[in-house]
Amino acid sequence: MYYGEIKNCDIANGEGVRVALFVSGCTNRCKGCFQPQTWDFTYGQPFTAETEDHLLSLLSPSYINGLTVLGGEPFEPENQRALAPFLRRVRRTYPDKTIWLYTGEIWERLYQDSILKDIDVLVDGDFVMAICAADMKSRGKLAKSTVVGTIMTNMGFNRFCDENGMKFSATKVGDRYVLEEMLLEGYNFGGEQSGHVIFLDFATTGDGQMTAAQLLSIMRRRQAKLSSLATIMQRYPQVMVNVTTSPEGKLRFYTDTEVKESIEKAKAALGNTGRIIVRPSGTEPLLRVMVEGENEEQISDLANQVADVLRTRLA
């Protein structure tokens, strides 16, 4: 892994004074990215054992609140191979300091990655949408007081909307479905966890530069750091399990009674503290089980219970 920069006293990317590591490499290559040089996996300097020791030394002062990892894309597999053991080392050495990570990935690509368990705060598109939606509503700019997201939008965002007098409309996964809903119903703001955010008053696609400009405008007007604005929403734990299946298994998924019973049983166990979504992948031979809720141990157990039924009945 390579890195582009290390900041030893960063106050813009997380709570308090932090050490920030900007890793290199990103295959997403989003249109409008304001740091395209970081797409290159060899941009900057090699991340070595000496680099790790230097970062641990920078983290040692008592006034340093923790480590923030940005990119590039930290969740790229090539970067994870270096980051996973390093983050475990940070956690062991400084158990009282927090680890923040900024990503542009969608949850379906993150849920099984080992570095998640060593991260305290993951900042993604849901947080960006919450910040922008609250600002638009306060200025009377949020059409019909409604935000459009997808079924994979974190439950914390739903609760954020409820608590702030907004409605949330969920579509299928994909920003094209978000746009369709916005055009159909007359809404003007929506997006996905990946950070594809659509400001329909200005454009019909997710635009990274526009989203950055909107966030910077909010920070300027409110005289607030992004880390402070991000506390507007609480993320709830999510667990996802993939089950390999055949095209026939995908079809039987909709009619199998035992599968339906297992899903209903999980819903009953969650009550109003969580939710479960089970769906066939649109692009891979997989059935995806996503369980979200307040109790991480409970949702993990429920996800695996439903996945076991899927393997028995449909694999």
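## Elements and a cis peptide bond

Helices, of at least four residues, and strands, of at least two, are DSSP runs that are numbered from the N terminus. In this predicted model, Gly 72 sits in the loop that runs between strand S4 (64-70) and helix H2 (77-93). The peptide bond leading from Gly 71 to Gly 72 is cis, and its omega is near 15°. This deserves a remark, since most peptide bonds are trans.

## Helix H6 and its two faces

Helix H6 spans residues 175-185, and within this helix Val 178, Leu 179, Glu 181 and Met 182 are buried.

After H6 comes Gly 186, a residue whose phi is positive, near 80°.

## The nonpolar cores

The largest nonpolar core is made up of 29 residues, and those with the most contacts inside it are Cys 132, Val 147, Phe 157, Phe 160, Met 166 and Phe 189. Two or more residues are given to this core by each of strand S2 (17-23), strand S5 (98-102), helix H4 (125-138), helix H5 (155-163), strand S10, helix H7 (208-222) and helix H8 (226-229). Of the elements, H4 gives the most to this core, with 9 residues.

If its neighbours within four places in sequence are left aside, Cys 132 is in contact with Phe 189, Phe 199, Leu 215 and Ile 218. Apart from this core lies another, of 23 residues, among them Val 23, Phe 47, Val 69 and Ala 82.

## A buried charge: Glu 192

Glu 192 has its place in the loop between S9 and S10. This residue is buried and yet has no salt bridge, for the nearest side chain of opposite charge, that of Arg 279, is 8.4 Å away. A salt bridge would need a side-chain nitrogen of Lys or Arg within 4 Å of a carboxyl oxygen of Asp or Glu.

What does lie beside Glu 192 can be listed as well. A polar atom of the side chain of Glu 192 lies 3.0 Å from the backbone nitrogen of Gly 174. Leaving aside neighbours within four places in sequence, the residues in contact with Glu 192 are Gly 125, Met 129, Thr 150, Val 173, Gly 174, Asp 175 and Val 178. Val 178 is also one of the buried residues of H6.

Gln 45 lies in strand S3, which covers residues 45-46, and is partly exposed, with a relative accessible area of 45%. Although Gln 45 and Met 1 are 44 residues apart in sequence, their C-alpha atoms are 8.6 Å apart in space. With neighbours within four places in sequence left aside, Gln 45 is in contact with Met 1, Tyr 2 and Tyr 3.

## Two positive phi values

Most residues other than glycine have a negative phi. Ser 145, however, has a positive phi, near 50°, and is placed in the loop between H4 and S7. At 26% relative accessibility, Ser 145 counts as partly exposed.

Gln 223 likewise has a positive phi, near 55°, and is found in the loop between H7 and H8. This residue counts as exposed, because its relative accessibility is 65% and the cut-off for exposed is over 50%.

Conventions:
Residues numbered from 1 in each chain as written. Predicted model: local features only at pLDDT ≥ 70, side-chain atom pairs only at ≥ 80, totals over all residues. Heavy atoms only, no water. Buried < 20%, exposed > 50% of the residue type's maximum accessible area, 1.4 Å probe, protein only. Core = buried A, V, L, I, M, F, W, Y, C linked by side-chain atoms within 4.5 Å. Contact = heavy atoms within 4.5 Å. Lys, Arg positive; Asp, Glu negative; His and termini not counted. Polar contact = N/O pair within 3.5 Å; in protein donor to acceptor, adjacent residues only side chain to side chain.
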